[in-house]
Amino acid sequence: MKRIASVNGLLPVISPMRELLHRAVLSGQCSELSACYYDFFQRLFPGAGEVAWASGVLAVQAVLDGHSCLMLFGVAGKVPFAERMELETWDDSCRMPSLEFWQETLSSCPFVGSRDSELTPLVLDRGRLYLRRYFDYERRLAAEVTRRVVRGGFSSAEVAPVLAQLFPDPITETDWQKVAAATAAMRRFCLITGGPGTGKTHTVVRIVALLQRLAGGDTLRIGLAAPTGKAASRLQESLPAAEVELAEHLEGKPLTGLIKAQTIHRLLGYVRNSPYFRYNRDQRLPLDVLIVDEVSMVDLALMTKLIEAMPDEGRLILLGDKDQLSSVEAGRVLADLCAGETGYSPAFAEELQLADAVAANLPVATEAGPLSDCRVILRKSYRFHLDSGIGALAASVLLGDVEKVMACLAEENGVRLCVPTLVGSVGVREEDGFVQQLCQGYGEFLKESDPALALAAFRKFQVLCAHRHGVNGSLEINSWFETVLEEKGLISRHSGSTWYPGRPVMVTGNHYTLHLFNGDLGVVLKDDEGELRVFFETQGGVRSIAPARMPDHDTAFALTVHKSQGSEFERVVLLLPEVSSRLVTRELIYTAITRARREFEVWGRVEILAEGVSTMTLRDTGLVEQLR
């Protein structure tokens, strides 16, 4: 077989497996970092053999792809990366062995250990191949969760009278917010999940009031955290109104004084240029209660460190939408914690009845697992009614029902599909209708010179992309749209300057000195002296900083769906890629739809949308099995 030159000199091509890895790197299916591990393991363990060396590459790449491990059965008997590269034929010596032979090979490999072995770079456990660090994360997280779920809290007799005051409406049907509040009080580990508009934030403030009342005269130390600054800010903004509504239940203790929302990194005490935090399993957080929102965005490593930092008697309450996109980094913690049969154990269902938290019998699990009595699903949407086009579309996407999705879009009840008539390298961007939609959507925002009004106007419309890079990626769409806006006289860039009035920006990292966080949206405008400033919303109004002081950021006419998590807009336009993409999945489409409060529009080919609705994001983990 013909040899190919090395990739940046890092991967000399000698064997068919090396050439396969080289092709995978060039096609973007395998990172250079992963491919280099072939040589790394070969140099350190020359007698291990090609199967073992290649296994190391696949394990590293699995983590980079978001998995916590490599499921051997998914690759056994196959040529790695061949399906993604659409290779019809390849040297058969590149084919991984059968599952049985592969596990035997790895069991005798010097750099692969078992769950009980001494430290080795890789761990083989129940058909899964892990990097040692991620195996430890999973095992530690499962151990912490298992230890905490058996700890009870307040009794139903203690909870019932206070619960009745916080939820005074007569019970005619099960109020799942009330069930969530009762569960959070009666258990020290509670998981509350639900779609947009189901009242997760509304429930949180009642949980705080309930716990504070039950604590008597003591002032609870309560922490409120989220993975991004934007999500933390939204939580903080919800507190003042709730404080007024629940003043009589807070024992004279102001809610905004009790709680300060912050990012998880800041809560734990981020140590610069280090994977470690100030608070950890040896030095616990000084908290009685910790409430974490947007947990779907929290990766395996961060969740492990967070739960280990909680005091043994502390109460941990996790909130999120299990159907949204998982974290960017490895793992799918929220989905794994929500996996399994829904329903409660008979004993806990009776406790909830005694707490007067439900109107009728609750669903009882046939085989209640360790997490059964700690999970609550908020089922009723207060934002999307039964006749809502957005609500119906989101539900159809979750079912993976392509026919229903297309029917919802055809009804044009606040949602619609726009199929480009032009096909080519620029595709939808040549469509007059698409250009008009964008100019109309951002028109009001671009006319505003008042910072507060401009920021409010920007929240009314947003373009979302599946990708950051490539054709129809957010970077390319932002660059193209700036050119379109300038041609139409809606913006003016002097000498091609990056900074100009009307430029929206999103912060892409946390900067504690400037109090700017990942996900914060700002707008560039002139101040009273005619100088360009970047304006951001705060609880007290609007503040600004000089463009030269801005931390890492992107232009935000178009955002990736991932970056939009934690934000909401009146109208959303989702732009699909021109060709099939493994990033376009059911979870991505659902997340994009649920960013919209009033109208949602998708631009793209029918077959790309249908393929996405039919494709679930699959992440290989072992957490569910570890929790059993």
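**Ground rules.** I am working with a predicted model, where local features need pLDDT of at least 70, side-chain atom pairs count only at pLDDT 80 or more, and totals for chains, interfaces and linings use all residues. Residues are numbered from 1 along each chain as its sequence is written, and side-chain values use heavy atoms, with hydrogens and water left out.

**Domains.** Contact (heavy atoms within 4.5 Å) links 22 residues of domain 2 with 22 residues of domain 3.

**Their interface.** Domain 2 and domain 3 bury about 2,000 Å² between them, and carbon and sulfur atoms give 52% of that. Buried area here is the accessible area (1.4 Å probe) that two parts lose on being put together, summed over both. On the domain 2 side, Lys 230, Leu 325 and Arg 383 lose the most area to domain 3, together 32% of what that side buries. I also looked for salt bridges (a side-chain nitrogen of Lys or Arg within 4 Å of a carboxyl oxygen of Asp or Glu), and the count between these two domains is zero.

**Second largest pocket.** A pocket is an open set of points on a 1 Å grid over the protein atoms alone, with protein on both sides within 12 Å along at least five of seven lines; lining residues have an atom within 4 Å of a point. This one holds about 610 Å³ of space, a volume being the space filled by probe spheres set on the points, which are joined across faces, edges and corners. It has 23 lining residues, and Gly 229, Ser 233, His 515, Phe 517 and Asp 520 are the closest to its centre. Domain 2 and domain 3 each give at least three residues to the lining. Helix H9 (229–237) makes the largest share, with seven residues.

**Cavities.** A cavity is a set of grid points where a 1.4 Å probe fits but cannot get out. I found four of 30 Å³ or more in the whole structure. The largest cavity has a volume of about 140 Å³. Its lining has 13 residues, with Thr 342, Gly 343, Arg 375, Val 376 and Ile 377 closest to the centre.

Terms used. Helices (H or I, at least four residues) and strands (E, at least two) are DSSP runs, numbered from the N terminus. Domain bounds come from an automatic or database domain assignment.
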